Amino acid sequence: MRVQAIVDEFHQTTAQHWRLRALAVSVALGAVLAAAGATGRLWPAGLVIVGALALASAVRADTNVALLLVVVVVWHWLATIDDPGTPWLPVAALCLLVHHTVTALTASLPAGGEFPREVLVEWAGRTALVGAATVALWALVALLDGRTADGNGALTALALAVAGALAVAIRSRSLDPNR
């Protein structure tokens with residue numbers, strides 16, 4: 001991209017897009033801070049790496065930089081945290097969910113465009129449903145973690161199947177042929 005194109009896009013970016021970009025950056029950093037909460041240790045290099053990736057994905061939402069950001073955060077989490085019951089897990093997961101959602105949303109419209117309120121409400125509603133399912137499944141895993149009762153694996157698999165079925169049902173309901 002030429003420098004003049006970058007400057008032009010900067011001047012055309014709406015206040016709504018700037019707010020969405022700021023949200024994408026802050027929740028990405030929130031995921032790293034959630035990992036710090038779980039480990040009790042801050043990861044300064046991670047804040048810099050994830051911060052740079054978050055800025056890049058916020059500015060160029062139509063690239064795969066957001067995917068790299070998620071990979072880095074998940075890699076760090078898996079390498080440093082071995083407690084599926086930690087309350088920091090849903091915090092990190094929800095931060096990544098919001099980052100992904102906002103990045104996908106902003107990639108769908110030029111920087112000079114405005115999203116209608118209805119679109120933002122619809123995306124927020126869908127994201128809230130996924131977030132609620134995420135927290136509910138984490139709560140089930142946290143409840144069953146460490147217990148040796150028969151059926152824990154089957155109950156978790158059933159919960160995943162129900163969550164998947166709900167996601168398919170919600171998605172199929174949202175596909176309005178009149179749109």
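Before you start: residues are numbered from 1 along each chain as its sequence is written. The model is predicted, so to speak of local features we need pLDDT of at least 70, side-chain atom pairs count only at pLDDT 80 or more, totals for chains, interfaces and linings use all residues, and side-chain values use heavy atoms, with hydrogens and water left out.

**Exercise 1. Work out the overall make-up of the protein chain: how many helices and strands are there?**

Step 1. Go by DSSP runs, numbered from the N terminus: helices are H or I with at least four residues, strands are E with at least two. The tally is 7 helices and 0 strands, and along the sequence that reads α-α-α-α-α-α-α.

Step 2. Get the dimensions: the C-alpha trace spans about 65 × 50 × 20 Å along its principal axes.

Step 3. Check burial, where buried means under 20% relative accessible area, exposed over 50% and partly exposed in between (1.4 Å probe, protein chains only). Of the 179 residues, 32% count as buried.

Step 4. Look at contacts, meaning heavy atoms within 4.5 Å. Among those between residues at least 6 apart in sequence, 66% join residues at least 24 apart.

**Exercise 2. Take helix H3 and find which of its residues are buried, and what covers them.**

Step 1. Size it up. H3 has 16 residues and reaches 23 Å from first C-alpha to last, close to the expected 22 Å; that expectation is 1.5 Å times one less than the number of residues.

Step 2. Pick out the buried positions: Gly46, Val50, Gly51, Leu53, Ala54, Ser57 and Ala58.

Step 3. Find the cover, which includes H2, H4 and helix H5 (88-107).

Step 4. Zoom in on Val50. Skipping neighbours within four places in sequence, Val50 contacts Ala28, Leu29, Val32, Leu69, Val72 and Val73.

**Exercise 3. Describe the largest nonpolar core: which residues have the most contacts inside it?**

Step 1. Set the rule: a nonpolar core is a set of buried Ala, Val, Leu, Ile, Met, Phe, Trp, Tyr and Cys residues joined through side-chain atoms within 4.5 Å.

Step 2. Apply it. The largest such core has 15 residues, and Val50, Leu69 and Val73 have the most contacts inside it.

Step 3. Trace where the residues come from. H2, H3, H4 and H5 each supply at least two, and H2 gives the largest share, 5 residues.

**Exercise 4. Is His99 buried or exposed, and what does it touch?**

Step 1. Read its accessibility. His99 is at 0%, so it counts as buried.

Step 2. List the partners. Leaving out residues up to four places away in sequence, His99 touches Ala24, Val27, Ala28, Ala54, Ser57, Ala66 and Leu69.

**Exercise 5. Find the aromatic pair and say why it counts as tilted.**

Step 1. Recall the rule: rings of Phe, Tyr and Trp (its six-membered ring) pair if their centres lie within 6.5 Å; planes under 30 degrees apart are stacked, over 60 edge-to-face, and the rest tilted.

Step 2. Count: there is 1 aromatic pair. The Trp43 and Trp75 ring centres are 6.2 Å apart with planes at 55 degrees, so the pair is tilted.

Step 3. Locate the partners. Trp43 is in the loop between helix H2 (15-39) and helix H3 (44-59), and Trp75 is in helix H4 (residues 65-80), so the pair ties together parts 32 residues apart in sequence.
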